[in-house]
Amino acid sequence: MKHFWLLTLALFTSIFLAACGSEDDSSTAGDDGGDNGDGEEEEFEPENSLEFVAPSGAGGGWDTTARMAAEGFETEEIIDQGVGVVNKEGGGGAAGWSYIAGKEGNPHHLFVASPPLLLIPLNGQSEYGHEDFTPIANMISDFGAFAVREDAPWEDLNDLFDDMKDSPEDITVVGESSPGSMDHVQFVKIAKAAGVDPSSIKYVSAQDGSTMTNLLNGNADVYSSGVTETIEQVRAGKIKVLGVTAEERMEGDVVEDFPTATEQGIEETFVNWRGFFGPPNMSDSEIAYYEEKFKELNESDYWEETREKYAWNEQFMGSEEYAEFLDEEKESMQELLDDLNLQGN
């Protein structure tokens, strides 16, 4: 009888331990899957400081957007963790994209992007495109500006384009982006609409931040850039803007004096959207967290003042809307590059 009760006790002990082990395994599997054990994903909160990457040198549109957003999150106390900004220049943005692609599984790294994220891959200059990352939110839209030295002989875009039709080899256009990317394409798009042969345009890329220097010292004749990058030199009386790619006149000090291409009889525009992306395959909760924070920033007084300061337009898009917009933009860019014979092999 004694042996019988010992065997019975051992049997029940084994069953109890097995059941506990099964529960532990189930709980562990739930933790690894990022849910709360009920199949629901846990809410994401950053555990470390955040890193915003500007895939360019200091001072450009990507750098300015990243730094203003980082400052806004701190000023408005929207994100508890600190936000640092780093520059990863090279390849027209490709170096920065490669860096973020290697951060899959770490949602503490975001980067800012604009049309080159579509154009550079289409030109065969990067293995990464917008589909390889997680769109978070678009924050602003900007427009292109075409500037010349204050003492240049051209008073408007038509004067410039008439000379380009006659002697294209005598006029050099400089931009920060690589050939076939934004600064090049926005100029070509407007010039083509004015009757200039796209293949005749002499474009040089200065990705080291020397674009304005090249214009002012005479190494280039025309500066193709964003509106923001021209304002201070216009104020200083060193350059004049012959035209911008907006559909209507912009509002704000200085920029209100910049004529559009359309008002000069050139029926074409170019919009430079700019927003934030994360590493590949971010979870729904990670996307929701950042989307909410960027929306809060977009609606803040700080961001409204920032838009006014840099003559940016409001164009907020959440993750899903942004993804659909990017797919449509890629098709449009593909058609443009095909038309201009600028697509890489």
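A: Strand 4, which spans residues 134-149, runs antiparallel to strand 8, and the two are joined by five bridges. The model is a predicted one, and the description that follows should be read with that in mind. Within this pairing, R149 has I239 of strand 8 as its bridge partner. Strand 8 is mostly covered, with six of its six residues buried.

The loop that runs between strand 8 (239-244) and strand 9 (271-278) contains V254, whose phi is near 75°, a positive value in a residue other than glycine. Most residues other than glycine have a negative phi. V254 counts as buried, at 10% relative accessibility. A positive phi near 55° is also found at E77, which is placed in the loop between helix 2 (61-75) and strand 2 (83-87); E77, however, is exposed, with a relative accessible area of 68%.

Turning to the cores, the largest nonpolar core has 55 residues, of which F52, F111, F277, Y290, F294, L297 and W303 touch the most other members. A second, separate core is made up of 22 residues, including F161, V173, A191 and L242. In soluble globular proteins, nonpolar side chains tend to be buried together.

Two members of the second core, V173 and A191, are also among the contacts of I201, which, leaving aside neighbours within four places in sequence, touches M164, V173, F187, V188, A191 and V196. I201 lies in the loop between helix 6 (182-193) and strand 6 (202-205) and counts as buried, at 9% relative accessibility. The C-alpha atom of I201 is separated by 6.2 Å from that of P168, although the two residues are 33 residues apart along the chain.

In the largest core, Y290, F294 and L297 are among the residues that touch the most other members, and these three also belong to the buried residues of helix 9, together with S285, E286, I287, Y289, K293 and N298. Helix 9 comprises 15 residues, 284-298, and reaches 21 Å from its first C-alpha to its last, close to the 21 Å expected at 1.5 Å a residue. L297 and N298 are both touched by W303, whose other contacts, residues up to four places away in sequence not being counted, are T65, M68, A69, M139, I140 and W312.

The structure holds 19 aromatic pairs. In one of them, the rings of F277 and Y322 have centres 5.2 Å apart and planes at 40°, so the pair is tilted. This pair links distant parts of the chain, since F277 is in strand 9 and Y322 is in helix 11 (residues 319-340), 45 residues apart. Both F277 and Y322 are buried. In another pair, the ring centres of Y310 and W312 are 5.0 Å apart and the planes are at 20°, so this pair is stacked; Y310 and W312 are likewise buried.

F277 and Y322 also belong to one aromatic cluster, which they form with F111, Y128, F133, W273 and F325. Of these, F111 and F277 are among the residues that touch the most other members of the largest core. One further ring has a charged residue over it: K88 lies over the face of Y99, at 4.3 Å from the ring centre.

Technical notes. Residues numbered from 1 in each chain as written. Predicted model: local features only at pLDDT ≥ 70, side-chain atom pairs only at ≥ 80, totals over all residues. Heavy atoms only, no water. Helix = DSSP H or I, 4+ residues; strand = E, 2+ residues; numbered from the N terminus. Expected span 1.5 Å × (residues − 1). Buried < 20%, exposed > 50% of the residue type's maximum accessible area, 1.4 Å probe, protein only. Core = buried A, V, L, I, M, F, W, Y, C linked by side-chain atoms within 4.5 Å. Contact = heavy atoms within 4.5 Å. Pairing = 2+ DSSP bridges. Phe/Tyr/Trp six-rings, centres within 6.5 Å; stacked < 30°, edge-to-face > 60°. Lys NZ or Arg CZ within 6 Å of the ring centre and 35° of its normal.
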